[in-house]
Structure formats: structure tokens, C-alpha cells
Amino acid sequence: MARERWIQQVLWRFLPWRRKARETLPKGLQPETRFRQQLIQERKRAERANKPLLVMLVNPDCVAARGEADSVVGCVGRGLQSCLRETDICGVLNDGALVGVILTEIWVDDLDKVKKAVARKAREKLSQLFEDEVARRVTISFRIYPESGGKSGAFDMIFYPEQVEKSIEGTAGEIAKRGLDLLGSATGLVLLAPAFALIASAIKLTSDGPVFFQQQRIGCNGRKFKLLKFRTMYIGNDDQIHRDYVKLLIQGKVAEEQGGVFKITVDPRVTPIGKVLRKYSLDELPQLFNVLKGEMALVGPRPPISYELEHYSGWQRNRLIGKRPGITGAWQVSGRSSTTFDEMVRLDLRYLKGWSLALDFKILLKTPLAVLKCKGAY
């Protein structure tokens with residue numbers, strides 16, 4: 001499916017009349033390829049400066065008759081350039097169907113004020129270009145990076161255009177990785193069936209409650225899914241103790257006596273059998289079902305809990321872009337919970353940047369030894 005979509009996108013971009021349209025864009029209105037590069041650059045600049053990135057999208061689709069879309073987009077783009085700041089960057093998106101404007105250097109306290117002022121100027125310009133009734137039908141929307149909170153709209157892929165364009169090598173690599181996941185998870189579930197039965201019996205005999213524990217996690221590109229684990233805690237627990245701990249950990253305020261580590265080292269909510277399962281990561285085994293369903297991979301970044309995401313900054317969210325979360329990963333074979341939060345994020349980012357199938361095999365081979373050493377396991 002992904003390959004078919006990629007082929008359609010490539011063919012559409014290189015159709016002769018599309019190429020001609022790009023060449024005739026008004027001066028200053030950037031073609032889509034260059035505008036996407038600007039989006040990537042400004043996103044990284046916003047991450048470094050810890051400032052929001054504001055983008056306005058104008059859709060003049062209702063104005064254009066068939067075959068006139070490119071000329072209308074060019075007209076709208078030229079008009080917007082004349083009424084906005086010289087530092088704002090105008091370009092086309094969505095295969096030339098949208099006009100985008102990157103509004104640079106906006107302070108977070110000024111976001112609402114800027115959005116209202118820019119929308120008013122854009123409306124005035126559209127009224128000069130088209131009849132009033134037509135101008136009112138043109139839609140104007142704003143996107144902000146990073147969107148705050150951990151809700152479903154927290155990941156806006158318009159700010160990650162590098163994920164849209166996949167090379168043939170990249171697509172082939174993704175297919176091979178998914179094949180490895182299917183083979184590995186199916187084989188693992190068959191071979192580990194006796195262990196599943198023993199662990200399930202131990203949990204059921206030593207505490208009240210279900211054998212499995214489900215929790216909503218954040219997956220690839222912000223998609224939510226239900227992660228499956230063996231239950232390691234008593235039922236009826238209040239998760240506020242973990243919410244508070246995660247907030248302090250991400251903010252780098254965990255007390256030194258705690259060691260700044262990723263997990264609560266002495267958690268009263270964990271059952272005796274749960275401590276053993278956690279120590280050897282046996283509670284993670286049911287995630288093979290998540291891998292089989294395509295929600296996770298054998299190797300990838302750790303999937304965060306929804307309320308953890310609420311405290312992420314922009315650069316920290318990048319660890320969830322482009323790859324499915326994994327049962328094991330660079331963090332798990334490099335000290336697990338003994339690392340700080342920022343160290344864990346940097347390990348995931350290095351993995352994503354340097355990903356290859358060979359790297360996945362390397363991490364898979366390192367995982368059994370890391371589990372047996374129990375370093376950072378609580």
C-alpha cells in the first residue's frame with residue numbers, strides 16, 4: 001500500500017503539466033520541494049530556540065475550475081506575499097493544492113494575537129483578488145509546532161515532510177523490517193507458549209486480578225494503541241504516584257537519592273511475582289501480540305504513556321516519528337532504567353537517524369545479555 005502511494009506521488013509530481021506549473025510560480029513563492037525543506041529547517045530552529053512554529057494554510061480549491069488550480073494558487077500566493085512580512089516564507093504544499101506561509105519568530109504569548117492579525121490581512125487580500133462570496137469560501141487554518149498536551153492531535157505530520165518522501169531503499173527497508181517483525185513475533189509466540197502458561201499461572205495464584213494488563217501508549221507518528229503486558233501490580237492502584245514521578249523526571253527534577261533513573265526503584269504497587277517479571281523483562285513478552293498486529297516492532301523506541309507525552313518538548317517528540325515502537329531498542333540494551341530521560345531520548349534519536357536492518361539485528365543479539373544482567377531493571 002505504501003509503495004503504491006509512493007509511486008502515485010512520484011508520477012504526479014513529474015507529470016509534464018505539473019512540472020510546467022512549478023516553473024511558472026510567482027517569484028518568492030517556493031515550490032513544494034523547497035518549501036518542505038524550509039519547514040524542516042524552521043522546525044529544527046524552533047526546537048533549538050524553544051519557540052513555537054506557526055504555519056498558515058490557505059486552501060483556494062473552491063475558487064479554481066478544473067485545470068486552473070495552479071494559476072489560482074500562484075495568484076493567492078503572490079497576494080499573500082504582498083500583505084505579510086518579508087521574513088515570512090510562502091510556498092505550495094499538498095501537490096500544489098495549498099498555499100503555506102511559515103510565520104517566523106513568534107513568541108508563545110503572541111500566538112493568538114498573530115493568528116488573528118494574519119488571518120484578517122489574508123481575508124482582506126482575498127477579497128481584493130476574488131468576489132466576496134468566492135473569497136469567503138477559501139479556507140484559512142493555522143498549525144502550531146509543537147502542539148501542547150498528549151492528545152491525538154499532538155503530532156501534526158505537516159511538520160515532518162521528510163516522512164512523506166521515502167526513497168526506494170527506504171521503502172524496501174521498511175518492508176524487510178516488517179517481515180522480520182512478523183516472522184519473529186509469530187515464532188516467539190509459538191516457542192514461548194509454555195512460558196506464557198507458567199507466568200499466567202503464577203500471576204493468577206499469587207494475587208487477585210487479570211493475568212494481562214493493557215495500557216494506552218503512543219506509537220509511530222503519535223498513533224495510540226493498547227499495549228499488552230503481564231500484570232505486575234496489585235489492582236485498584238492510583239497512578240498519580242507515577243504521573244508525578246514522570247513529570248519530575250522529564251523536567252530533570254528527580255531527587256539525587258533516586259539517582260535520576262527512569263523508573264521508581266521502590267514501588268509499593270508492584271507484587272512479589274511482578275518484581276521478578278520486571279527484573280527479567282518477562283512482563284514485556286505479551287507485546288509480541290502488538291508486534292504481530294503491526295502496532296509495534298521487535299526493535300524500536302520505547303512507547304510512552306499518554307500522560308508522559310504531555311511533558312515532552314518538541315525535540316523529545318521526534319523519538320516517536322517514523323518508526324514503530326519496539327519491545328527492545330537502543331535504550332533497553334544500554335542500561336535501561338539506569339539512564340536519565342534525556343539520555344534515553346538521545347539514544348532513540350541516534351537509532352532513528354542511523355537505522356538499518358543490520359542495526360536491528362545487532363540490538364536483538366544484545367538484548368538477551370542485557371536482560372540477564374538486569375542492569376537498570378526495577
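User: What does the accessible surface of the protein come to, and how much belongs to carbon and sulfur atoms?

Analyst: This is a predicted model. Its accessible surface comes to about 20,200 Å². Carbon and sulfur atoms hold 56% of that.

User: How many helices and strands are there?

Analyst: The protein has 15 helices and 8 strands.

User: And how many of the residues count as buried?

Analyst: 48% of the 378 residues.

User: Which residues touch the most other members of the largest nonpolar core?

Analyst: Phe159 and Phe230. That core has 54 residues. Helix α14, residues 341-353, gives the most to it, with 6 residues.

User: Where does this core lie?

Analyst: Between domain 1 (22-145) and domain 2 (161-373), because both give residues to it.

User: Back to phenylalanine 159. What is it in contact with, leaving aside neighbours within four places in sequence?

Analyst: Leu39, Arg43, Leu53, Val55, Arg143, Ile144 and Tyr145. There is also a second, separate core of 29 residues. Val101, Val114, Phe130 and Ile140 are among its members.

User: New topic: helix α3. What should its residues span?

Analyst: Helix α3 covers residues 32-49, so at 1.5 Å a residue its 18 residues should span 26 Å. The end C-alpha atoms are 25 Å apart, which agrees.

User: Which residues in α3 are buried?

Analyst: Glu32, Phe35, Arg36, Gln38, Leu39, Ile40, Glu42, Arg43, Ala46 and Glu47. Two of them, Leu39 and Arg43, are in contact with phenylalanine 159.

User: What comes just after α3?

Analyst: Asparagine 50, which takes a positive phi of about 55 degrees.

Key:
Residues numbered from 1 in each chain as written. Predicted model: local features only at pLDDT ≥ 70, side-chain atom pairs only at ≥ 80, totals over all residues. Heavy atoms only, no water. Helix = DSSP H or I, 4+ residues; strand = E, 2+ residues; numbered from the N terminus. Buried < 20%, exposed > 50% of the residue type's maximum accessible area, 1.4 Å probe, protein only. Areas by Shrake-Rupley, 256 points an atom, 1.4 Å probe, with all protein chains shown as cover. Core = buried A, V, L, I, M, F, W, Y, C linked by side-chain atoms within 4.5 Å. Domains from an automatic or database assignment. Contact = heavy atoms within 4.5 Å. Expected span 1.5 Å × (residues − 1).
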